[in-house]
Every structure is written in C-alpha cells, then in structure tokens.
Amino acid sequence: MRTDLVPDDLWERVAPLLPPTPERRRRHPGRLRVPDRVALAGVLYVLRTGVAWRDVPTESVGCSGVTAWRRLRDWTEAGVWSRLYAALLTELRRGGLLELDDCSVDGSHIRALKSGDLVGPSPVDRARSGSKHHLIVDRRGTPLAVTLTGGNRHDVTQLLPLLDAIPTIQGLRGRPRHRPRRLYADRGYDFDKYRRLLWKRGIQPMIARRGVAHGSGLGKVRWVVERAFAWLHQFKRLRIRYERRADLHRGLLELACSLICLRRLRTSF
C-alpha cells in the first residue's frame, strides 16, 4: 500500500468511524478481506487522480478498484464521511481556526458523463448533462457544508439547504455554532425573498445587487469561496461527475472537504 495516500493522522480519525468488520465464516471462509486502510487508499487514489475504478493499479495501491468502490459504497451508506467532516470542523473550532461570523456561498457547474440522480441540462454548457456543487465557507475559505444538485438548478435554491447542512460545530465552551452572522454572495442570490428569510434567521445578507455597477467591495470577502472551489477541484475525480449514484459523488465531496480541513489543521502548527 502507498503510505502517502493514507497518512497516520488521517487514519487515526477515520478508523473509529468505520463500521465493524464482519466475522469470517468458519466453513468456506473464502479469501481474506482487504484491510480497511488499504481500501481507503484505493478510494483516495481515485479521488486524487480521477482514474476509472477499473484502472486502479493493484500492485501499488494494494487492492482492486472494485474492492475500493464497494468499500466506498458501504462507508457512504454508513455515514462515515459526514461524521468525519463534522469531527474535523469541531477540531478546527477548538483550535480557533474557524471564523464563522462571515461566510460566503457560491455554486459551480461540472459535466456529468453518465445519467443518474441529480443530473440536469446545464444552462452554461449548451444544455449538456451536468450537476452543480454548492459550497459555503467561512472567512478563511474553510468549507463548512457542500450540496449536490442537477445542473439546471438555480444557485439561490440551495441557499437555505446549505445553511441547514452546516453541522452543529462544537469545540468551545458555550452554545455550539451552526450559523454565520453575515452571509456574502454574488448577484445570482439577489432575491428579496431570500434576503427576508436570512434576516428571520438572524443572518445579515451581504448580497450584491443586480443592475448595479461592479465595485461593491464584497469581492474582498467572498473571493475565498472561489479559492475553495479551486481546492476542491484539485481532486480530479470531482471535476467531472462519473458516478451514477448521487450519494457516492456526494460522499467523495465530503471526503475531499474533510481532507481540506485536515490540511488546515496541519498548517496551523
């Protein structure tokens, strides 16, 4: 197994969240089960390189792509990635590395080469099949929540679902945080209805107005969400959607966000 794919600090956080290994049968036990750490290396190899599951090099990774895909399926259905993501956000807040007062939100189109759930005609890609990544980040660009929709969904429709998707982030004494004080967004979110809904939640909308000349100054704050998308799409498997099942692609999204949070923890020391 390539040790650089699953470093020790990542494995220490993932291992307690994995479902228990099923016991082997006494009669006709079959082949030995591939260790979970080796299977995770296969998942991360595909996430980082973007290769097809069938093209995973068994000799260097330690398992076949089919085994890695099955383990990804099982772990996604068990909710491993969402729990890992929430745990890392708690660690970041405990270390004073989250700035939740100011958050930014945006969406990004990706091509979907196969049919499946949450796929639709993209209005920015000649109605080709696509999906959308919707992301909300803190003041420093740390991803707080990510959602997946069809390519024909408007960004503003995911504004409230993104806020609801932010986990209850503990880590400090007092009430856990789960909402920002100010939310920055571009002109695509300029709807009075959603401004009122944000005010009802105690969030001040900092949204650029349509029809107004550029130069509002909001870009000085919300540029971090564009950088976060660049970080996210460094994982080549996320640049184009190949998975038919939306939950598997969403699981890879949450795993990538977890790796970004872990990278933030490493650079803080």
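This is a predicted model: local features need pLDDT of at least 70, side-chain atom pairs count only at pLDDT 80 or more; totals for chains, interfaces and linings use all residues.
**Notebook: a pocket, a cavity and a helix pair**

I looked up the second largest pocket first, and its lining is A52, W53, R54, W69, L113, K114, R237, Y242, E243, R244, R245 and L248. A pocket here is an open set of points on a 1 Å grid over the protein atoms alone, with protein on both sides within 12 Å along at least five of seven lines, and lining residues have an atom within 4 Å of a point. About 210 Å³ of space lies in this second largest pocket, a volume being the space filled by probe spheres set on the points. I sorted the pocket lining into six nonpolar, no polar and six charged residues (Ala, Val, Leu, Ile, Met, Phe, Trp, Tyr, Cys and Pro count as nonpolar, Asp, Glu, Lys and Arg as charged, the others, Gly among them, as polar).

Residues are numbered from 1 along each chain as its sequence is written, and side-chain values use heavy atoms, with hydrogens and water left out.

Next I checked for cavities (points where a 1.4 Å probe fits but cannot get out). I found one cavity of 30 Å³ or more. The largest cavity holds about 30 Å³ of space, and its lining includes L100, C103, R177 and P180.

Last, I looked at helices (DSSP runs of H or I, at least four residues, numbered from the N terminus). The crossing of α5 and α9 is left-handed, meaning the near helix is turned anticlockwise from the far one by less than a right angle.

Notes:
Helices (H or I, at least four residues) and strands (E, at least two) are DSSP runs, numbered from the N terminus.
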